[in-house]
Amino acid sequence: MEENKGIIDPAAQDSGVVDVEKELKELRLKQKKLERENRRLQIEMDTIKDMNEQIARTQGFMKKENQRQIFYNTQLLKVSPYLVLMVDEKLKTVMASDVLTQMTDVSLDAVRDGMQLDEVLSKVLEESVLNSLLEKCHSVLENRVSDTFMLNNYFGEEEKIYKVDINFYSSPVEGASGLCILFTDMTEVIEAKERAERADKAKSNFLANMSHEIRTPMNAINGMSEFILRDSTDEEAKKNAAMIKSAAKSLISIINDILDFSKIESGKMEIINDTYSLASLVNDVATMIRIRLQEKKVGLVVNLDPDTPSRLYGDEVRIKQVMINILNNSVKFTNEGQITFTIKHEWDGKGDCCLHVSISDTGIGIKKEELGKIFESFTQVDTKRNRSIEGTGLGLAISRRLVTMMGGELRVESVYGEGSTFSFDIYNSVIDAEPVGVLADNYDVKLVHEVDKSFQRPDARILVVDDNDMNLKVAAGLLKPYGIVPDLATSGPESLELVKDKKYDIIFMDHMMPKMDGVETMHRMREMKGGDKWKIIALTANAISGMEAKYVEEGFNGYLAKPIDPATMEDLLKKELPEGSEEILEFGPDDEALEFGPEDDALEFGPGEDVLEFGSEENTSGGSDGSGASVKKSTEELLALLEGLGINTKTGIAHAAGDKEFYLELVSDYVKGFKERSAQLQGFYDSGSLGDYSILVHALKSNSNTLGIEDIGARAKDLEFASRDDDASFVSSHHDELIEAYRKRTEEIGRIF
């Protein structure tokens with residue numbers, strides 16, 4: 001046993017070696033795993049380090065950006081000329097612009113620490129103004145909306161006008177919501193606007209005064225050249241006078257364009273609708289253009305759709321102005337070929353009628369790139385080629401604006417070197433649906449109403465109330481073919497006396513009369529016994545849209561527009577007069593429906609009023625043959641002479657129910673009434689009584705339009721509207737012009753009789 005102590009067992013020895021190697025292997029594996037974990041941890045630590053560095057850099061950037069934004073905001077608030085205040089929802093200040101410190105002793109630090117809004121603004125705003133502002137702030141906070149308003153405030157004796165904008169703001173940051181209040185000083189802006197308005201008014205007054213100052217000598221120049229043309233036997237002098245007259249007309253046309261453009265720019269141009277005859281309008285326009293074409297090898301073709309309604313309701317003056325402006329433009333730029341003036345229509349029997357107006361020419365045309373410029377003010381395209389063409393460059397600009405004001409659009413198509421076509425559409429109400437017919441064949445016939453001689457009411461009791469003698473005379477003349485001799489009253493009080501003692505079937509009541517107008521007179525009549533059943537018809541020139549309904553609403557039974565349309569008068573008589581004896585008046589074979597014999601007492605005049613006597617074939621008015629003997633002129637000669645003066649005798653005769661001699665008698669009365677009427681107008685003008693002035697100039701308009709003296713009617717109409725609207729500036733600028741034109745017209749007519 002002892003001998004075996006030093007001997008190792010090989011099997012046991014091999015087993016021990018195996019265990020050590022195994023442990024070493026496991027240790028090496030653990031070491032590698034730890035090394036890998038260490039490397040991973042090192043990478044993560046490096047990543048975290050990089051992230052920390054990135055976060056530090058971002059924080060540094062954000063800190064710098066915040067400092068930059070704070071700096072920007074501070075600078076913005078410092079240099080801002082506006083007072084800006086930010087408050088929280090409790091109306092405590094958060095920040096403000098430096099303007100606040102300039103206006104008050106409040107520091108920005110105190111604002112940032114938080115002050116009540118009313119405490120801050122009490123140093124800026126008056127108490128009543130501040131209370132109003134605070135109410136609006138509470139409203140904005142409650143409704144979460146914005147508000148803008150104007151605020152007037154006094155600083156000592158100086159008034160300031162602010163525009164105040166209050167806006168609600170909200171942020172995800174807790175407590176970061178409230179109001180931003182911006183005060184913008186508008187004092188200088190408003191003062192600048194007022195200065196501009198005063199300058200614009202001064203410009204308008206200057207243009208009006210310029211018109212007056214230029215027109216007065218131009219009228220004299222035009223009149224004197226006309227005298228030379230009429231009376232001179234020297235052909236050279238007549239030729240020179242014609243050139244002077246042409247130049248004068250061109251200058252007047254330029255003045256009219258400038259004034260019209262000025263009125264449109266200032267918003268004073270109005271569209272004034274009235275009943276008009278389409279045939280008369282087209283005939284007048286075509287006649288004016290044909291006169292301009294006399295010295296050119298250019299024809300005028302007028303195509304009027306014969307089915308178009310004959311009488312429409314629109315602004316005849318402005319429609320005619322647009323047509324003439326465009327046609328004149330075609331005349332200026334067309335040297336050969338023709339101008340085609342076309343009017344078509346669309347109407348289904350209901351509502352308004354659409355007039356399609358087109359004017360084509362074979363003139364020089366317009367380049368495609370210049371089409372957009374032709375409607376610009378004071379612009380004439382292709383000036384190098386057209387430098388010899390006169391004009392202001394306003395005609396088309398004015399026309400386009402007028403068409404727009406009437407609800408249409410002025411269009412143009414053109415081929416350079418071949419010609420142009422201008423077109424527009426306007427809508428007018430239909431007054432008489434009877435077709436206008438062929439213009440050349442039917443114009444004269446359709447203008448004069450044929451009296452229904454079978455309709456006779458000699459027992460009818462009619463009262464006509466009008467302060468204008470000529471209107472009374474016309475009304476009486478229109479009633480005469482029906483055997484009616486009316487009673488006439490020249491004032492409201494006079495008519496009230498007449499109705500006390502006599503019952504009338506119809507009372508025609510003028511609206512505009514001095515002292516007691518027609519409306520007041522009608523109301524007083526209604527208050528009389530049985531007055532609520534009387535037939536009282538408003539007789540007035542206020543033929544604007546909706547007036548008939550207004551008169552009926554006021555208490556009238558109907559409405560008759562002046563100048564009185566004979567056909568409308570007849571229809572009204574047939575409707576309103578009770579049936580009675582229908583005694584047919586006997587007329588001699590040579591008598592016309594409206595002849596007045598010496599026994600007639602329908603029209604009574606005072607001893608100071610002369611009435612022209614007319615024979616059956618010729619009237620006794622006339623000039624002298626140089627020996628002092630009277631030279632008689634026939635009715636037709638007198639009418640021709642009146643037409644030569646530009647008077648629309650066709651319209652006048654139509655208003656006289658087709659009686660030419662009666663028409664001439666009315667014209668003579670018109671001339672004789674000049675001194676009295678012009679003196680009355682001057683008196684009202686001098687005294688500044690625009691109300692009375694409006695009534696008298698209204699009567700002048702009515703009389704002139706009734707007789708076809710349309711130039712005076714148009715001038716009087718403008719002054720009537722101006723005086724009615726208390727536009728003393730316009731009346732002052734155009735009164736002398738009206739009186740001068742009125743004087744000249746009556747003198748021209750007076751020389752004929």
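Close-up 1. At 46% relative accessibility, Val20 counts as partly exposed (buried means under 20% relative accessible area, exposed over 50%, partly exposed in between, with a 1.4 Å probe and protein chains only). This is a predicted model, so local features need pLDDT of at least 70 and side-chain atom pairs count only at pLDDT 80 or more, while totals for chains, interfaces and linings use all residues. Residues are numbered from 1 along each chain as its sequence is written, and side-chain values use heavy atoms, with hydrogens and water left out. Val20 sits in helix H1 (helices, H or I of at least four residues, are DSSP runs numbered from the N terminus). Together with Leu24 and Leu27, Val20 makes a nonpolar surface patch of about 260 Å² (patch residues have over 30% relative accessible area and no salt bridge; like charges are joined within 9 Å, nonpolar side chains within 5 Å). Areas come from the Shrake-Rupley method with a 1.4 Å probe.

**Close-up 2. A positive patch that includes Lys30.** Lys25, Arg28, Lys30, Lys32, Lys33, Arg36 and Arg39 form this positive surface patch (Lys and Arg count as positive). Look for Lys30 in helix H1, which covers residues 10–79. Lys30 is exposed, at a relative accessible area of 54%.

**Close-up 3. Arg40 and Glu37 pair up within helix H1.** Their side chains meet in a salt bridge at 2.0 Å, N to O (a side-chain nitrogen of Lys or Arg within 4 Å of a carboxyl oxygen of Asp or Glu). The two residues are three apart in helix H1, about one turn of the helix. Arg40 is partly exposed at 37% relative accessibility, and Glu37 is partly exposed at 33%.

**Close-up 4. Lys473 meets Glu665.** Here's another salt bridge, at 2.7 Å, N to O. Lys473 is in helix H13 and Glu665 in helix H20 (residues 660–672), so the pair ties together parts 192 residues apart in sequence. Both residues are buried.

**Close-up 5. Arg745 meets Asp711.** This salt bridge spans 3.1 Å, N to O. Arg745 belongs to helix H24 (residues 728–752) and Asp711 to helix H23 (residues 710–724), so the pair ties together parts 34 residues apart in sequence. Arg745 is buried at 8% relative accessible area, but Asp711 is partly exposed at 34%.

**Close-up 6. Asn471 and its contacts.** Find Asn471 in helix H13, residues 469–479. Asn471 is buried, with 7% relative accessible area. Leaving aside neighbours within four places in sequence, Asn471 is in contact with Asp466, Lys562, Ser702 and Asn703 (contact means heavy atoms within 4.5 Å).

Notes
Charge placed at Lys NZ, Arg CZ, Asp CG, Glu CD.
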